[in-house]
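Student: Could you walk me through this structure, one feature after another? I'd like to learn how to read each of them.

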Amino acid sequence: MAALMIGSMLVAALLVAMLPDLCNGELERFEHPIKSDSSLSFLVVGDWGRKGGYNQSAVAVQMGIKGEKLDVDFIISTGDNFYDNGLQGLDDPAFYESFTRIYSADSLQKQWYSVLGNHDYRGDVLAQLSPVLRKIDSRWLCLRSFILDAEIVEFFFVDTTPFGDKYFTEAGSHVYDWRGVLPRDSYISNLLKDVDTALRESRAKWKIVVGHHTIKSAGHHGNSDEVVAQLLPILQANDVDLYINGHEHCLQHISTSDSPIQFLTSGGGSKAWRGDVSWPNPEELKFYYDGQGFMAVQMTETQVDIAFYDIFGNVLHKWGTSKPLFSIVGENSRAY
């Protein structure tokens, strides 16, 4: 068994080494078509991979039901895809037991776009990033950081775990797989430059950034200070509309007075934390639910509508916003 796992890790390392270095140049870009009526619909789930436990299966059932009703185009995973310690190799049965077997509804047989979480970094990261997994289950697409162009919206997926100082200084008994990340300072610097450039050059009507870690959170972890200090200024300078994350095992929506960005957490894919909530300004905390569930998003060129659901399919919170079809060209505006 040990020899098999070592062999799998070597294969994964070879395959990933063949991929472009995504933090020393442009972020890899993917395209996803919108519907014929120019609309888009997708689900967001995070912190889920527990082989069906902690209501993961119940969340998956409701995702399948809502996914069919909304005719979703794809699913976004906000990370911590496999607990507790990521995947242990390409042949780890957790990939089937926590992903393929659980999200089996017809409506969920769409592309999944995933980022890594801190728990994923405790395993064989190169295996989870490997294109071999896409051959095992074609829905799976997981990269550190990348861009998804869906015509009316661009998604910027950002690898946030390397930002966290504690994963390097307070790892304790945990071992993190930093292959491809070290030297850390260069990795983060290049990533921030790539994200800034991509956001600045984007001409999409909507810009959505997806990361695992929080920027604004009333939950157990709270704000991720390093992400706030380094990534948030770039998002604010480049007119980002939504920041979507996991990490907190809850569902929440925060709209702060100092930023037009909506901060949305969808980390209720399995185990949830009960009663651990604190936010200084109640008016900014638009919604908080310390149970399992997921988020659905429906978009057109002029409208975004989000809804959070629990494991019974109940709507817990709704929010929407709109933009004019055309904007006036000015010093700080663009024509669409």
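Student: How long is helix α7, and what span is expected?

Tutor: Helices here are DSSP runs of H or I with at least four residues, strands are runs of E with at least two, and both are numbered from the N terminus. The expected span of a helix is 1.5 Å times one less than its number of residues. α7 (residues 184-201) has 18 residues and covers 26 Å from first C-alpha to last, close to the expected 26 Å. Mind that this is a predicted model, in which local features need pLDDT of at least 70 and side-chain atom pairs count only at pLDDT 80 or more, while totals for chains, interfaces and linings use all residues. Residues are numbered from 1 along each chain as its sequence is written, and side-chain values use heavy atoms, leaving out hydrogens and water.

Student: Which residues of α7 are buried?

Tutor: General idea to start: an α-helix has 3.6 residues a turn, so residues three or four places apart point the same way. "Buried" means under 20% relative accessible area, "exposed" over 50%, and "partly exposed" in between, with a 1.4 Å probe and protein chains only. In α7 the buried ones are Arg184, Tyr187, Ile188, Leu191, Leu192, Asp194, Val195, Ala198 and Leu199. Looking down the axis of α7, these fall within an arc of 165 degrees, so they line one face of the helix; the arc is taken from the directions from the helix axis to the C-beta atoms. On the other side of α7, Asp185, Lys193 and Glu201 are exposed.

Student: What covers the buried residues of α7?

Tutor: Contact means heavy atoms within 4.5 Å. The cover includes strands β6 (146-149), β7 (153-158) and β8 (206-211), along with helices α6 (166-169), α8 (225-230) and α9 (232-237). At the two ends of α7, have a look at the loops. Proline 183, in the loop between α6 and α7, is joined to leucine 182 by a cis peptide bond with omega about 0 degrees. Serine 202 sits in the loop between α7 and β8 and, at 3% relative accessibility, counts as buried.

Student: Now the sheet. In what order do the seven strands come?

Tutor: Strands of a sheet pair through backbone hydrogen bonds, either parallel or antiparallel. Two strands count as paired if DSSP finds at least two bridges between them. The order is β5-β4-β3-β2-β13-β14-β15, in an open sheet with mixed pairing. β5 (140-142) and β15 (315-322) are at the edges with a single partner strand each, so one side of each has no neighbour in the sheet. From one strand to the next the twist averages 20 degrees. For a parallel pair, take β2 (residues 40-45) and β3 (residues 74-77), which share four bridges; phenylalanine 42 has phenylalanine 74 in β3 as its bridge partner.

Student: Which helix packs on that sheet, and at what angle to β13?

Tutor: Axes are lines fitted to C-alpha atoms, for helices over the stretch in contact, and angles run from 0 to 180 degrees between N-to-C directions. The helix is α2 (residues 56-70), whose direction makes about 15 degrees with that of β13 (293-299), and it touches β2, β3, β4 (111-114), β13 and β14 (303-310). Its buried residues include Val59, Ala60, Met63 and Leu70, and they pack against α3 (94-100) as well as β2, β3, β4, β13 and β14.

Student: Is strand β9 covered on one face or both?

Tutor: Both faces of β9 (residues 242-245) are covered, with Leu242 and Ile244 buried on one side and Tyr243 and Asn245 on the other. β9 runs parallel to β8, with three bridges, and parallel to β11, with four.
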